[in-house]
Amino acid sequence: MNQLTINADLGNQTISRHIYGHFAEHLGRCIYGGIFVGEDSPIPNTNGLRNDVVAALRNLNIPNLRWPGGCFADEYHWMDGIGPKEERPTMINTHWGGVTEDNSFGTHDFFELCEQLGCEPYICGNVGSGTVQEMQQWVEYITFDGISPMANLRKENGRSDPWRIKYWGVGNENWGCGGNMRPEYYADVYRRFQTYVRNFGENKIYKIAGGANSFDYNWTDTLMANTRGGHGRFLMHGLSLHYYTLGSEWPPSLTATGFTEDEWFAILRDARRMDELLQRHSTIMDKYDPNKEVGLIVDEWGTWYAVEPGTNPGFLFQQNSLRDALVASIHFDIFHRHCDRVHMANIAQTVNVLQAIVLTEEGSDRVVLTPTYHIFEMYKVHQGATLLPLDLRSEAYAYGEASIPAISATASRDASGVVHISLSNADPRMEHLVTCRLAGVMIGGVNGRILTADTIDAHNTFDQPENVKPATFNGVSLNSNHLTIQMPSKSIVTLAIQTEEARL
Ligand code: AHR
């Protein structure tokens with residue numbers, strides 16, 4: 001029997017809405033074609049940004065967008081992306097397909113995108129191949145309100161008012177594509193670069209240091225040990241962490257669709273490892289920072305499969321199935337559980353790359369919302385809500401010799417007092433019955449939505465964009481203040497529960 005007890009009258013932690021953040025890199029067809037098509041494109045756009053994609057993202061209340069990379073960030077020279085587009089220098093995107101980057105999408109376009117989305121910009125600056133001066137000038141260009149070389153340049157380029165930016169990354173994966181540094185060395189480099197990431201006027205920057213790859217706990221330990229200033233305070237507000245769900249050893253070899261239960265299980269087991277990672281990295285951070293001043297910023301997460309046959313291997317284009325929806329819901333459940341430390345997370349990546357939420361067809365105006373998109377939409381009720389403590393006893397989903405819990409769950413209370421519970425059943429063959437008690441409140445009413453499909457690799461295509469989409473959930477019943485939830489195999493459900501204070 002699966003039993004879920006939710007303490008609906010307790011809870012003192014807020015689920016940061018920034019856990020629902022995004023990441024868009026100059027990689028394959030994420031920016032070019034996926035988000036930006038240029039003003040002259042026949043695809044309906046506003047200032048070059050696709051109207052369909054912007055509308056889809058706005059519907060998710062996306063809180064922030066990380067740009068321009070990724071590995072691309074540590075090769076990007078921002079000055080190449082400002083001024084008249086026809087005069088901009090080109091560069092080779094060495095990491096991603098060796099294609100020519102024409103720099104037609106630059107700083108002004110990124111801020112236009114964030115304005116259209118109504119989200120916070122998160123820029124990742126170049127440490128690996130950039131200079132301190134270059135990073136310093138970028139911050140000045142964006143945020144300085146007054147007369148200065150960079151503010152004047154911004155005005156010459158058509159933007160008189162400064163923008164506001166909160167989130168600033170000082171390099172990306174500096175243990176690898178961002179410079180192959182040792183943690184001791186990067187800690188010093190970080191200290192130096194961040195000194196010149198200035199707060200101009202009212203603009204206050206939340207500085208994010210490049211963090212560990214997956215299970216590299218030494219990186220986190222070294223950064224935490226070496227990034228305090230003279231006054232004893234940390235010189236960073238956040239420390240990042242990257243973890244991709246592969247289901248196998250590197251390089252990624254599993255396929256996005258057409259897989260067996262073997263690979264279904266491998267992926268879902270790997271997705272659950274995010275919990276162990278957060279636990280262990282947080283424990284190290286607690287040692288140096290018991291008051292949890294430094295946020296853990298999971299600014300790259302998601303599935304990484306072999307690329308789709310016939311596509312450019314450097315473009316990392318993959319389909320997205322019901323399995324990815326489960327991966328996303330499991331990640332959100334885990335992020336919520338660690339929301340005292342996890343202040344932000346960013347799925348890799350928003351459009352056409354890795355675990356994308358939107359796919360666009362090359363050369364046409366057709367788009368597909370992926371099963372992962374629908375999880376972002378079903379879970380958006382948890383953004384900024386109060387995490388409710390819960391106890392979950394789950395039956396096992398056993399496969400061969402191994403097993404994982406079948407059920408994963410999370411619960412929160414929103415500002416109007418409505419309790420939302422999200423649950424998933426990873427078992428691809430068996431329905432699971434969950435009995436659920438909400439301690440401390442009386443249940444007034446309940447309704448829900450479900451995402452499921454007939455096959456484990458069900459996905460949406462340009463010809464059949466609605467194969468996998470949320471539907472009304474009829475599998476919940478209320479009896480003496482208890483809920484019985486009939487979770488079909490391979491499904492994700494979100495319930496909205498009206499509550500009244502419990503009568504003593
Ligand atoms: O998201 C794709 C790549 O994965 C990013 O550019 C890099 O940071 C990571 O290795």
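Visitor: At what angle do the axes of α3 and α4 cross?

Guide: Roughly 55°. The axes of helix α3 (residues 132-143) and helix α4 (residues 149-156) come within 7 Å. Axes are lines fitted to C-alpha atoms, over the stretch in contact for helices, and angles run from 0 to 180 degrees between N-to-C directions. α3 is therefore oblique to α4. The scale is: under 35 degrees roughly parallel, over 145 roughly antiparallel, 65 to 115 roughly perpendicular, the rest oblique.

Visitor: What kind of model is this?

Guide: A predicted one, where local features need pLDDT of at least 70 and side-chain atom pairs count only at pLDDT 80 or more, while totals for chains, interfaces and linings use all residues. Residues are numbered from 1 along each chain as its sequence is written, and side-chain values use heavy atoms, with hydrogens and water left out.

Visitor: And the element labels, what are they based on?

Guide: DSSP runs, numbered from the N terminus: helices are H or I with at least four residues, strands are E with at least two.

Visitor: Back to the helix pair. Is the crossing of α3 and α4 left-handed or right-handed?

Guide: α3 passes α4 right-handed. Right-handed means that the near helix is turned clockwise from the far one by less than a right angle; anticlockwise is left-handed.

Visitor: Which residues make the contact?

Guide: From α3, Gln137, Glu140, Tyr141, Ile142 and Thr143. From α4, Pro149, Met150, Ala151, Leu153 and Arg154. Contact means heavy atoms within 4.5 Å. By class, the α3 contact with α4 has six nonpolar, two polar and two charged residues. Ala, Val, Leu, Ile, Met, Phe, Trp, Tyr, Cys and Pro count as nonpolar; Asp, Glu, Lys and Arg as charged; the others, Gly among them, as polar.

Visitor: Now the barrel. How many strands does it have?

Guide: Eight, in a closed barrel with parallel pairing. The run is β3-β6-β9-β10-β11-β12-β13-β14. From one strand to the next, the twist averages 30°. Two strands pair if DSSP finds at least two bridges between them.

Visitor: How many bridges join β13 to β14?

Guide: Four, between β13 (residues 295-303) and β14 (residues 342-348), which run parallel. Valine 298 stands opposite alanine 345 in β14. Helix α8 (residues 322-337) packs on this sheet. Its direction makes about 170° with that of β13, and α8 touches β12 (238-245), β13 and β14.

Visitor: Switching to β21. Is this strand mostly covered or mostly open?

Guide: β21 (residues 407-413) is mostly covered, with six of its seven residues buried. Buried means under 20% relative accessible area, exposed over 50%, partly exposed in between (1.4 Å probe, protein chains only).

Visitor: Which strand does β21 join by seven bridges?

Guide: β22 (residues 419-425), running antiparallel. Arginine 413 stands opposite valine 419 in that pair. Two bridges also link β21 to β17 (residues 386-387), again antiparallel. There, leucine 387 has serine 412 as its bridge partner.

Visitor: What sits between β21 and β22?

Guide: Five residues of a hairpin, where glycine 417 takes a positive phi near 90°. β19 and β20 form a hairpin too, with two residues between them. Glycine 400 in that turn has a positive phi of about 60°. Four bridges join β19 (residues 396-399) to β20 (residues 402-405), antiparallel, and alanine 396 stands opposite proline 405.

Visitor: OK, where does asparagine 103 sit?

Guide: In the loop between β8 (99-101) and α2 (107-117). Asparagine 103 is buried, at 0% relative accessible area. Asparagine 352 has a positive phi of about 65°. It lies in the loop between β14 and β15 and counts as buried, at 1%.

Visitor: Which residues does the cis bond with omega of about 5° join?

Guide: Tryptophan 67 and proline 68. Proline 68 lies in the loop between β6 (64-67) and β7 (91-93). The bond from alanine 348 to glutamine 349 is also cis, with omega near -10°. Glutamine 349 is in the loop between β14 and β15 (358-360).

Visitor: Last one: is glutamine 194 buried or exposed?

Guide: Buried, at 5% relative accessible area. Glutamine 194 lies in helix α5 (residues 183-195). Leaving aside neighbours within four places in sequence, it is in contact with Lys207 and Leu235.
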